Amino acid sequence: MGGAIEEASAPHKTFDTILLLDFGSQTSHLILRCLRAHNVYTEMLPCTTKIEELTFKPKGVIFSGGPASVYDARAPHVDPAIFDLGVPILGICYGCQEIAWRANSENVARGEAREYGHTDVTIKKVEGAEHVNQLFEGLGEEMHVYMSHFDKLVKLPEDFVTIASTDNTEFAGIAHKNKPIYGIQFHPEVSHTPRGTELLKNFAVTICGARQHWVMADFIQQTISDIRKIVGPKAQVIGAVSGGVDSTVVAKLMTEAIGDRFHAVHIDNGVMRLNESQEVQQLLKQHLGINLTVIDGSKVFLDGLKGVTEPEKKRKIIGGLFIDLFEEEAIRIEKAAEHTENAGKVEFFVQGTLYPDVIESLSFNLSDTIKTHHNVGGLPARMMNGQGLKLIEPLRMLFKDEVRAFGRQLGIEEGLVMRHPFPGPGIAIRIIGEVTQERVDIVRKADHIFISMIKEAGIYDEMAQAYAGLDSNRAVGVMGDARVYGYIIILRAVCSVNFMTAEPYEFDFKLLTKIARRIVNEVDGVSRVTYDITSKPPGTIELE
């Protein structure tokens with residue numbers, strides 16, 4: 001069901017598209033981001049994609065890096081038909097080795113020395129066809145780059161020339177003499193290659209001829225038009241809103257497209273932030289004119305979570321109860337609309353899936369399995385089979401920063417556009433252990449102090465996400481003349497562009513101690529405060 005809106009409004013039908021074939025690299029998403037930052041629309045598919053199944057012809061193709069060795073028996077390889085598409089191809093690291101290996105398997109071998117980290121490549125000007133020198137055009141005679149490989153090209157493929165080299169890698173950059181096919185052994189997509197985005201732009205714009213017309217205003221109008229076509233003149237659409245930027249943008253977009261036939265539902269699950277439901281109602285209903293219903297299910301959810309400590313079980317309980325209430329609301333909406341101008345079945349559910357979710361589901365994995373994200377791939381079976389709902393995911397091809405740009409175009413205020421994400425299971429997965437009303441209240445108060453103080457310090461927008469969590473283990477503290485046994489508050493704040501990787505925010509220590517002091521002094525039941533400095537990976541942004 002998840003393909004309905006995608007089929008009608010896939011951006012590759014409107015915008016010139018570069019296709020990225022992913023070999024399992026940890027940095028594939030950065031290639032997408034680099035090119036989209038240049039307003040070139042780029043889409044990712046697994047490296048094993050069959051070309052005959054492509055529904056569009058890309059302007060060019062990029063092979064990503066990957067962890068495998070191209071000569072191994074289980075190594076992934078592209079469909080040979082990709083070379084018959086007649087479009088430019090760029091291979092990066094493993095992708096470069098894939099091009100060379102296909103020409104002759106003896107061209108790639110294990111290197112004598114690893115090449116990880118920074119190095120300088122010497123750019124070589126080559127006489128011959130004009131396209132050969134276009135990849136490094138405007139980048140000078142030397143380029144500071146980031147390498148990450150052991151395998152290397154040991155022979156130059158037939159009909160190729162060398163366009164870059166390093167002390168350790170003779171064939172750091174290659175180009176076909178007659179065709180626009182290129183390979184580079186370094187990673188232009190990472191920040192450690194300072195001018196790497198210029199190289200990617202050279203490939204996409206100069207070599208492939210892709211237009212730089214991926215702009216939000218055009219995408220919004222196209223999306224609104226597609227939603228109207230799919231939903232039709234009578235059907236009702238239902239969607240959950242949390243108050244976060246993703247669901248708010250979706251709600252505003254749906255309201256622009258079909259008016260009051262879109263029904264936003266906010267379910268207070270008892271594990272929301274302090275005053276969250278009241279703020280959501282005020283922002284969405286009063287300021288943005290969204291048709292909103294607020295359901296108080298806090299007692300039902302908290303009762304369902306009693307005695308539960310396992311994180312995945314918490315998620316499933318919250319998800320199941322959420323669907324129960326949602327199904328009831330869908331039936332109520334349909335009956336209420338029976339004798340009005342909006343009479344029609346509730347046929348669609350709208351969801352704020354973003355491209356990082358899709359990427360996690362598409363990325364090639366050497367174990368031959370595909371990760372399935374909880375937010376991708378359709379609705380729970382009960383909602384599809386019971387209510388017969390179809391899924392709309394209008395943001396599924398966008399990154400978080402693109403969603404924020406989308407929100408600004410729709411007139412959503414900056415404070416809401418830049419609001420930090422909040423997980424569907426809410427505070428329940430920010431409490432390590434059983435969820436109780438007492439613990440929820442403690443986290444709410446601590447979180448409110450934390451967020452208020454970082455806003456007052458003017459640093460809220462410098463971090464991608466920040467919150468206070470709670471460890472249900474207790475620690476001894478001393479308050480006045482008495483020993484106390486209180487909870488441990490865990491503060492978490494990270495910097496991230498795309499939420500696929502994240503680094504801890506580097507606080508001024510004096511501010512951090514002030515925050516900790518206020519929390520201990522003002523929140524009953526807390527004996528100490530810690531700050532989580534774990535990166536993602538290996539950690540996750542949320543505690544559970």
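**Close-up views of a predicted model**

**View 1. The salt bridge between Glu329 and Arg332 in helix α9.** Glu329 and Arg332 form a salt bridge in which the closest N and O atoms lie 2.6 Å apart. The structure shown here, as in every view below, is a predicted model. The two residues are 3 positions apart in helix α9 (residues 311-336), and about one helical turn therefore separates them. Glu329 is buried, its relative accessible area being 6%, whereas Arg332 is partly exposed at 41%.

**View 2. The salt bridge between Arg102 and Glu98 in helix α3.** The closest N and O atoms of Arg102 and Glu98 are 3.0 Å apart in this salt bridge. Both residues belong to helix α3 (residues 94-103), where a spacing of 4 residues places them about one helical turn apart. Arg102 counts as partly exposed, with 32% relative accessibility. Glu98, by contrast, is buried, with a relative accessible area of 0%.

**View 3. The salt bridge between Glu276 and Arg419.** Glu276 pairs with Arg419 in a salt bridge whose closest N and O atoms are 3.2 Å apart. Glu276 is located in helix α7 and Arg419 in the loop between α13 and β15 (431-432), so the pair ties together parts that are 143 residues apart in sequence. Glu276 and Arg419 are both buried.

**View 4. A network of salt bridges.** Arg33, Arg36, Asp401 and Glu402 are joined in a network of salt bridges. In total, 24 salt bridges are counted in the model. Side chains of opposite charge can pair when their charged atoms come close.

View 5. Asp120 belongs to strand β5 (residues 108-123). With a relative accessible area of 36%, Asp120 is partly exposed.

View 6. Asp159, although not a glycine, has a positive phi of about 70°. Asp159 is placed in the loop between β6 (142-153) and β7 (160-165), and is partly exposed at 36% relative accessible area. Asn275 likewise is a residue other than glycine with a positive phi, here near 60°. The loop between β11 (262-268) and α7 (276-287) holds Asn275, which is partly exposed with a relative accessible area of 39%.

**View 7. Cis peptide bonds at Pro537 and Pro538.** The peptide bond leading from Lys536 to Pro537 is cis, with omega near -15°. The bond that joins Pro537 and Pro538 is also a cis peptide bond, with omega about 10°. Pro537 lies in the segment after β19 (526-532), and Pro538 is found in the segment after β19 as well.

View 8. Glu522 is part of helix α15 (residues 509-522) and is partly exposed at 44% relative accessibility. The C-alpha atoms of Glu522 and Lys179 are 69 Å apart in space, and the two residues are 343 residues apart in sequence. Glu413, in the loop between α12 (400-409) and α13 (414-417), counts as partly exposed at 43% relative accessibility. Glu413 and Trp101 are separated by 312 residues in sequence and by 52 Å from C-alpha to C-alpha. The chain contains 15 helices and 19 strands. Its radius of gyration of 26 Å is close to the 24 Å given by the globule rule for 544 residues, so the chain is as compact as a globular protein of that length. The C-alpha trace spans about 75 × 70 × 40 Å along its principal axes, and 58% of the 544 residues count as buried.

Note on methods: Residues numbered from 1 in each chain as written. Predicted model: local features only at pLDDT ≥ 70, side-chain atom pairs only at ≥ 80, totals over all residues. Heavy atoms only, no water. Buried < 20%, exposed > 50% of the residue type's maximum accessible area, 1.4 Å probe, protein only. Rg over C-alpha atoms; globule rule 2.2 N^0.38 Å. Salt bridge = Lys/Arg side-chain N within 4 Å of Asp/Glu carboxyl O.
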